[in-house]
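Please examine the sequence and the structure shown below.

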Amino acid sequence: MTEELKSSPVPGIRDVFATVLETVTGSVATAVKGSGAAGAVLLDAVTEVVKSSARGAVGMGSDLTPGSKAIVMGVVRGTGEKGDAALKLVSHTAKTVIRHTADMGGNLSAATKGLVLGAIASAKSMGVEPAQAASMAAQGVLEGATESGSVTAERVLAALKEPIGGIKVTIPEPLKK
């Protein structure tokens, strides 16, 4: 029985997801609670929590698919934002996670998949369509990857070409700077 438990990856994945989700939700909620954080202040608070969580997940060698999914879901839950404001946070979160994953040599494909899955899973609570949430996550992933270099961008583009969570992700046009 002991060997059976060791070979099952499910408990470890569930633990990573649940731990990261709980930590990010609580940290974001605490950072924005009572401060009326909005705009740049909210983005700064979210950035610090996301940066720490992403670096922790990569540094511990965690599976980045459930970890990244939990980060996005935790940000959405912790802020309670809806609609366009929530979509902007999803994109910002994805950008931050990919940049720090690339900086630490983490699995970009797994992180990309997790970020999009987190956006899809959070779509209903944000009051948006799953495909729209997936596209905004993809936009953030691509922005972060582009800032991290051409190899990073190629890796995330490859990950975005396959359907994720049953959705063919629409790769957004590059933003005008």
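**Helix packing and a pocket**

The axes of H3 and helix H4, which spans residues 64–79, approach to within 10 Å and cross at roughly 160°. Angles over 145 degrees count as roughly antiparallel, and H3 is therefore roughly antiparallel to H4. The crossing in which H3 passes H4 is right-handed. These values, like those below, come from a predicted model.

Two packed helices are described by the angle between their axes and the distance between the axes. Helix H6 covers residues 108–126 and helix H7 covers residues 130–148; their axes come within 8 Å and cross at roughly 140°. Angles from 65 to 115 degrees count as roughly perpendicular and those over 145 as roughly antiparallel, so H6 and H7 are oblique to each other. Here too the handedness can be stated: H6 passes H7 in a right-handed crossing.

Helix H5 runs through residues 83–103, a total of 21 residues. From the first C-alpha of H5 to the last, the helix reaches 31 Å, close to the 30 Å expected at 1.5 Å a residue. After H5 comes Gly105, which has a positive phi, near 75°.

The remaining topic is empty space. Rolling a probe the size of a water molecule over the atoms shows where such space is left. The second largest pocket of this model has a volume of about 190 Å³. Which elements give two or more residues to the lining of this pocket? They are helix H2 (10–32) and helix H3 (39–59), so named under the numbering of helices from the N terminus. H2 provides the largest share of the lining, five residues. Sorted by class, the lining holds six polar residues, four nonpolar residues and one charged residue.

Definitions and conventions
Residues are numbered from 1 along each chain as its sequence is written. This is a predicted model: local features need pLDDT of at least 70, side-chain atom pairs count only at pLDDT 80 or more; totals for chains, interfaces and linings use all residues. Side-chain values use heavy atoms; hydrogens and water are left out. On a 1 Å grid over the protein atoms alone, a cavity is a set of points where a 1.4 Å probe fits but cannot get out, and a pocket is an open set with protein on both sides within 12 Å along at least five of seven lines; lining residues have an atom within 4 Å of a point. Grid points are joined across faces, edges and corners, and a volume is the space filled by probe spheres set on the points. Helices (H or I, at least four residues) and strands (E, at least two) are DSSP runs, numbered from the N terminus. Ala, Val, Leu, Ile, Met, Phe, Trp, Tyr, Cys and Pro count as nonpolar, Asp, Glu, Lys and Arg as charged, and the others, Gly among them, as polar. The expected span of a helix is 1.5 Å times one less than its number of residues. Axes are lines fitted to C-alpha atoms, for helices over the stretch in contact, and angles run from 0 to 180 degrees between N-to-C directions. Angles under 35 degrees count as roughly parallel, over 145 as roughly antiparallel, 65 to 115 as roughly perpendicular and the rest as oblique. A crossing is left-handed if the near helix is turned anticlockwise from the far one by less than a right angle, and right-handed if clockwise.
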